[in-house]
Amino acid sequence: MANIKSAKKRVRVSLASAERNKAQKSYLKSTLKKAELALAEGSADCTEVVNHAFKVIDKACAKHIIHKNNAARKKASLAKRLNG
């Protein structure tokens with residue numbers, strides 16, 4: 001365990017941000033699963049679901065939860081299935 005006050009704070013802050021990132025990534029994964037399911041079923045609102053997934057992917061990319069190339073790959077894959 002850290003002895004210095006600033007090091008103790010860094011531990012607390014890093015744990016808090018790790019929890020926040022974990023929640024964000026979990027939400028991203030569940031949103032992607034919903035979009036994949038909507039595309040597989042061919043449901044009527046699949047366009048709205050995929051657009052919501054795009055928004056979640058962009059937010060995760062902006063907050064550095066995922067890499068920008070990973071975000072682009074996920075979006076391209078969804079778009080390809082939506083338009084294909």
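A salt bridge is taken here as a side-chain nitrogen of Lys or Arg within 4 Å of a carboxyl oxygen of Asp or Glu, and by this rule the count comes to 2 salt bridges. The structure is a predicted model, in which local features need pLDDT of at least 70 and side-chain atom pairs count only at pLDDT 80 or more, whereas totals for chains, interfaces and linings use all residues. Residues are numbered from 1 along each chain as its sequence is written, and side-chain values use heavy atoms, with hydrogens and water left out.

Helices are DSSP runs (H or I, at least four residues) numbered from the N terminus, and two packed helices are described by the angle between their axes and the distance between the axes. The axes are lines fitted to C-alpha atoms over the stretch in contact, and the angles, taken between N-to-C directions, run from 0 to 180 degrees. Helix H1 (residues 5-41) packs against H2 at an angle of about 155°, with the two axes 9 Å apart; this makes H1 roughly antiparallel to H2, a term that applies to angles over 145 degrees. The crossing of H1 and H2 is left-handed, which is to say that the near helix is turned anticlockwise from the far one by less than a right angle. On the H1 side, the residues that meet H2 are Tyr27, Leu28, Thr31, Leu32, Lys34, Ala35, Ala38 and Leu39, and their partners in H2 include Cys46, Val50, Ala53 and Ile57, where contact means heavy atoms within 4.5 Å. By class, this contact has 13 nonpolar, 2 polar and 1 charged residues; Ala, Val, Leu, Ile, Met, Phe, Trp, Tyr, Cys and Pro count as nonpolar, Asp, Glu, Lys and Arg as charged, and the others, Gly among them, as polar.

Within helix H1, Thr31 is buried, with a relative accessible area of 7%. In this description, buried means under 20% relative accessible area, exposed over 50%, and partly exposed in between, as computed with a 1.4 Å probe on protein chains only. When neighbours within four places in sequence are left aside, Thr31 is in contact with His52, Ala53 and Val56.

Helix H2 (residues 46-62) also packs with helix H3 (residues 68-83), at an angle of about 175° and with their axes 9 Å apart, so that H2 is roughly antiparallel to H3. Residues of H2 that make the contact include Val50, Phe54 and Asp58, while those of H3 include Lys75, Leu78 and Leu82. The residues of this contact divide into 10 nonpolar, 1 polar and 4 charged.

Asp58 is partly exposed at 38% relative accessible area, and Lys75 is partly exposed at 25%. A salt bridge also forms between Arg81 and Glu36, with the closest N and O atoms 2.1 Å apart, and this pair links distant parts of the chain, Arg81 in helix H3 and Glu36 in helix H1, 45 residues apart. Arg81 counts as partly exposed at 39% relative accessibility, and Glu36 is partly exposed at 30%.

Most residues other than glycine have a negative phi. His64, although not a glycine, has a positive phi of about 60°. This residue, His64, lies in the loop between H2 and H3 and, at 70% relative accessibility, counts as exposed.

How values were computed
Helix = DSSP H or I, 4+ residues; strand = E, 2+ residues; numbered from the N terminus. Parallel < 35°, antiparallel > 145°, perpendicular 65-115°, else oblique.
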